[in-house]
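The following questions and answers concern the contacts within and between the chains of one structure. Please examine the sequence and the model before reading on.

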Amino acid sequence: MPLSHLATTRRGFLIGTGALAASAVLPHMLFAHTGGSARRVVVILRGALDGLAAVPPYADPDYAGLHRELAIAAPGVADGALALDNTFGLHPACAFLHECYAARELVVFQAVASPYRDRSHFDGQNVLENGLAKPLGSADGWLNRALAALPRADAGHDAERAVAISQNVPLILRGEVPVISKSPQATPDVDEELLARLADLYSTDDWFSARLSEAVQTGKLADERGNPAGAPAMTTAPTAIDAQSTMTAPATAGAQPAMTAAPDRVSGVARMAATLMRSDGGPEVAVIEAGGWDTHANQGGAKGALAQRLAGLDKALRALKDDLGSLWPQTAVLVVTEFGRTAAMNGTRGTDHGTGGCALLAGGAVRGGRVVADWPGLARTALLDNRDLRPTLDLRSIFKAVLGEHMRVDAKTLATRIFPDSSGARPLEGLIRA
Amino acid sequence: MIQTEVAVLRFGLGARPGDLAAAAGDPRAWLTAQINGAVPLAGNTPLAPSDQIFTELRVARDEFQEKKREAVAQSTDPKATAAPTFNPLRQAYLPHYRAQVLARAQSAALTTRPFAERLVHFWTNHFAVSADKAAVFGVAGTLENEAIRPHVGGRFADLLIAVEQHPAMIGFLDNQYSVGKDSDLARLAARQASHQPTDPDKPKREFGINENLAREILELHTLGVNGGYTQTDVTTFAQIITGWSIGGGKGRLAGGTPGRFYFRDNLHEPGAKRFMGKTYYESGQRQGEAVLADLARRPATARFIATKLVRHFVADDPPPAAVERVARAFAKTGGDLPAVYAALIEAPQAWDADMHKFKTPEDFVFSTLRALNVSPRQPEEVVRSFDLLGQRQYTPGSPAGWPDTAKSWDGSDALMHRVLWASRIASRYERGIDPLDLASSTLGAYARPETLTALRRASSSTQALALLLMSPEFQRR
């Protein structure tokens with residue numbers, strides 16, 4: 001504990017001191033948990049976001065020396081952080097998130113990690129999504145298991161409960177409950193007669209048959225909601241090489257899956273999620289992916305490659321709020337990544353794979369305006385393996401809280417079926433407005 | 001009879017008319033005859049080598065900088081330093097990327113060694129670089145053509161060294177400026193800094209390593225994530241390969257042929273180093289090469305490569321007996337790749353009559369080109385096809401490459417995009433094609449009676465062709 005003022009509040013952070021008066025909660029009570037209107041969005045940042053840049057611990061005495069030119073300055077100076085509290089800020093590219101914080105619709109988590117302690121993107125993402133303590137051993141994801149644990153709101157619409165905004169379903173949403181996938185790339189109409197004949201041809205092959213009927217259903221859903229292509233990027237025909245998204249991409253290697261959205265496309269993806277979710281019959285859960293966070297070289301500080309990515313994410317979250325409209329007050333948006341990055345800048349003005357990082361929970365349903373951090377500090381002796389921010393909170397404590405408080409999954413199911421081997425990760429309390 | 005189809009459809013890239021007949025005599029021999037030696041591109045699209053592309057890029061960038069300087073000098077507008085109006089990287093790179101994508105599709109469509117060509121694709125995906133990183137956009141395909149094609153029928157250790165010393169890989173995983181703390185460059189800089197007053201506005205240039213390439217070599221190229229290395233091994237290996245760079249820099253980074261591998265001794269961390277229980281006393285470039293040679297012989301590497309090969313050729317859940325057989329051949333021969341491929345051919349599990357693999361978009365496009373006996377002429381049609389189907393060529397987005405299991409490709413939306421692409425291709429190529437003949441020449445005994453019935457009943461030959469391409473038996477291998 002390098003900071004004396006933190007010593008007095010580290011417990012307080014966890015139980016959520018003060019930030020909220022009961023009166024602020026009241027207007028939402030009428031709408032919460034009525035079954036049809038609550039929405040959850042999970043945003044997976046693939047490639048490992050640098051939590052020390054996104055949520056700079058500007059007051060930590062070791063931060064600037066370790067993160068060097070990648071560090072974000074304290075609030076109040078040029079290009080400084082957007083203030084959250086006396087220790088932490090938000091990256092200056094995150095204006096919308098900062099508005100959410102001021103409106104008490106954002107909880108910022110710092111020094112968090114999944115149970116995974118090695119530094120492979122791919123295993124790290126598996127653990128993030130499978131909800132287990134190890135990378136292999138589950139072919140399904142915790143979000144799908146959570147849906148499976150809940151009674152169907154409407155049996156007829158089972159296939160519409162969750163949507164992945166991509167051509168294929170990521171691990172977090174794979175499992176027993178049918179899930180639809182819808183990519184932001186517009187699918188022009190396919191000839192109805194061909195589809196009917198294909199359905200006939202597939203009638204003796206369950207695997208193809210199931211996928212085709214899902215696809216046809218999703219197509220109808222999108223049609224009923226109107227053109228989901230709120231963003232122009234989605235209405236244009238696929239181009240050979242999208243000049244902007246390809247060439248302005250920061251010099252990073254993304255992580256799985258490959259089809260994650262480029263910074264200027266994330267907004268389109270978010271808007272498609274919002275459009276699909278907007279009506280009561282629409283999916284209650286959406287998963288969005290964004291890549292390009294693996295900033296090994298030339299990461300930049302207040303400006304530069306990572307700043308551009310963060311600005312794209314911030315813009316996408318704003319678009320999500322705008323397009324969800326009246327649903328926003330019942331919405332919780334969880335932003336997570338597989339792990340954090342090294343506390344020290346590396347030899348190529350970037351950061352290498354680390355451990356502890358940040359997570360965000362935004363939305364009208366969120367009891368926000370707080371930073372939740374049991375901050376271990378960045379002193380040499382405090383670092384994990386002499387290099388990484390030491391995690392002090394298990395991401396599954398956040399997942400459990402959101403599933404329990406916002407989706408009403410009971411504690412026993414959470415502890416057994418959804419997150420087995422998670423007894424050390426007790427759910428946080430009070431993240432969602434009562 | 002079905003073994004012929006297995007050889008051509010599962011091991012190969014799908015049948016062109018005549019392929020099934022060619023392989024029918026002895027399907028195993030048909031495969032074995034393909035696996036020795038280099039696998040050059042089939043087709044005749046001219047491609048520039050990586051050093052030429054890097055040089056063009058440098059010229060374009062310098063010209064652009066010069067123009068920008070002139071524009072700023074002539075302008076009275078104080079804001080004249082604003083954003084550039086075009087991107088020199090993109091201008092220089094785009095034609096090369098397109099040519100590489102076209103050449104790859106032509107080679108897949110035309111090759112008479114489709115098993116060897118599939119192996120090229122397998123290794124390209126194993127040693128993945130991704131063109132969405134701006135710095136390697138125009139050279140992503142050169143890794144396949146310059147490092148993989150020459151070594152795919154040789155020894156794994158040679159393949160490994162060729163890949164890790166290819167400028168596309170070094171640029172993709174950021175190794176070119178990874179600097180040892182005790183390297184000549186870092187010491188010189190420290191000495192100079194101590195003689196000069198510090199300028200608070202100018203951050204002191206810090207030298208150090210970048211772990212990216214070292215980690216991915218261990219995790220993705222050789223041992224696999226559970227291959228027994230530690231974080232310390234990663235860091236040490238990164239120090240061992242400091243100096244593995246690309247020629248043609250400026251100032252202290254001058255030297256070497258632009259765009260070719262260049263070992264920068266002044267960036268290299270000197271001294272013997274202990275890595276995975278062994279001390280490496282070699283100096284300079286040879287230290288890293290010695291480590292790679294050892295990694296290529298480790299049992300974990302044999303098992304990791306065998307597992308991936310069996311997953312690619314047999315089933316998403318690789319049968320342990322087949323993995324064991326291939327891993328043993330790898331270990332016994334020290335990574336002699338033709339022997340490894342021969343073990344795969346000998347594995348009975350690989351000849352199961354059931355088709356266990358759902359085609360990736362790449363498989364689907366290439367097998368369609370072969371079925372229709374066409375070779376693309378324009379890069380646009382290839383590039384757009386893969387964009388539509390979600391597998392932009394040379395752009396897996398990740399050093400792990402594209403996923404190789406059905407669950408990563410079988411989304412309902414992805415299926416709809418396949419239907420759309422199939423119907424477009426069908427309307428473009430239906431002329432002169434008898435779908436029933438095509439079913440027999442491309443699927444042989446795998447053509448199901450219900451598919452043939454559907455083709456007969458189709459309302460047009462375009463529709464029949466689309467149904468054939470979307471039939472379960474054409475979508476699997």
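**Salt bridges, chain interface and helix packing**

In this predicted model, D79(A) and K303(A) form a salt bridge, with the closest N and O atoms 3.2 Å apart.

Q: How many residues apart are D79(A) and K303(A), the pair that links distant parts of the chain?
A: D79(A) lies in the loop between helix 4 (63-67) and strand 2 (82-83) of chain A. K303(A) lies in the loop between strand 7 (285-290) and helix 13 (305-324) of chain A.

Q: What is the count of salt bridges between chain B and chain A?
A: Over all chains, the structure holds 38 salt bridges. Between the two chains, E211(B) pairs with R387(A), the closest N and O atoms being 2.6 Å apart. The count between chain B and chain A is four.

Q: Which residues of chain B lose the most area to chain A?
A: The interface brings 78 residues of chain B into contact with 68 residues of chain A. The area buried between the chains is about 5,900 Å², and carbon and sulfur atoms give 58% of this. On the side of chain B, three residues together account for 10% of what that side buries, namely S412(B), D413(B) and M416(B).

Q: Are helix 7 of chain B and helix 8 of chain B oblique or roughly antiparallel to each other?
A: The axes of helix 7 (residues 140-148) and helix 8 (residues 156-164) of chain B come within 9 Å and cross at roughly 140°. Only angles over 145 degrees count as roughly antiparallel, and those from 65 to 115 as roughly perpendicular. Helix 7 of chain B and helix 8 of chain B are therefore oblique.

Q: Is the crossing of helix 8 of chain B and helix 11 of chain B left-handed or right-handed?
A: In this pair, F156(B), L160(B) and E164(B) of helix 8 meet L213(B), I217(B) and H221(B) of helix 11. These residues divide into four nonpolar, one polar and one charged. The crossing of helix 8 of chain B and helix 11 of chain B is right-handed.

How values were computed. Residues numbered from 1 in each chain as written. Chains lettered and ligands numbered in written order. Predicted model: local features only at pLDDT ≥ 70, side-chain atom pairs only at ≥ 80, totals over all residues. Heavy atoms only, no water. Axes fitted to C-alpha atoms, helices over the stretch in contact; angles between N-to-C directions. Helix = DSSP H or I, 4+ residues; strand = E, 2+ residues; numbered from the N terminus. Parallel < 35°, antiparallel > 145°, perpendicular 65-115°, else oblique. Contact = heavy atoms within 4.5 Å. Buried area = accessible area lost by both parts, 1.4 Å probe. Salt bridge = Lys/Arg side-chain N within 4 Å of Asp/Glu carboxyl O. Left-handed = near helix turned anticlockwise from the far one by under 90°. Nonpolar A, V, L, I, M, F, W, Y, C, P; charged D, E, K, R; others polar.
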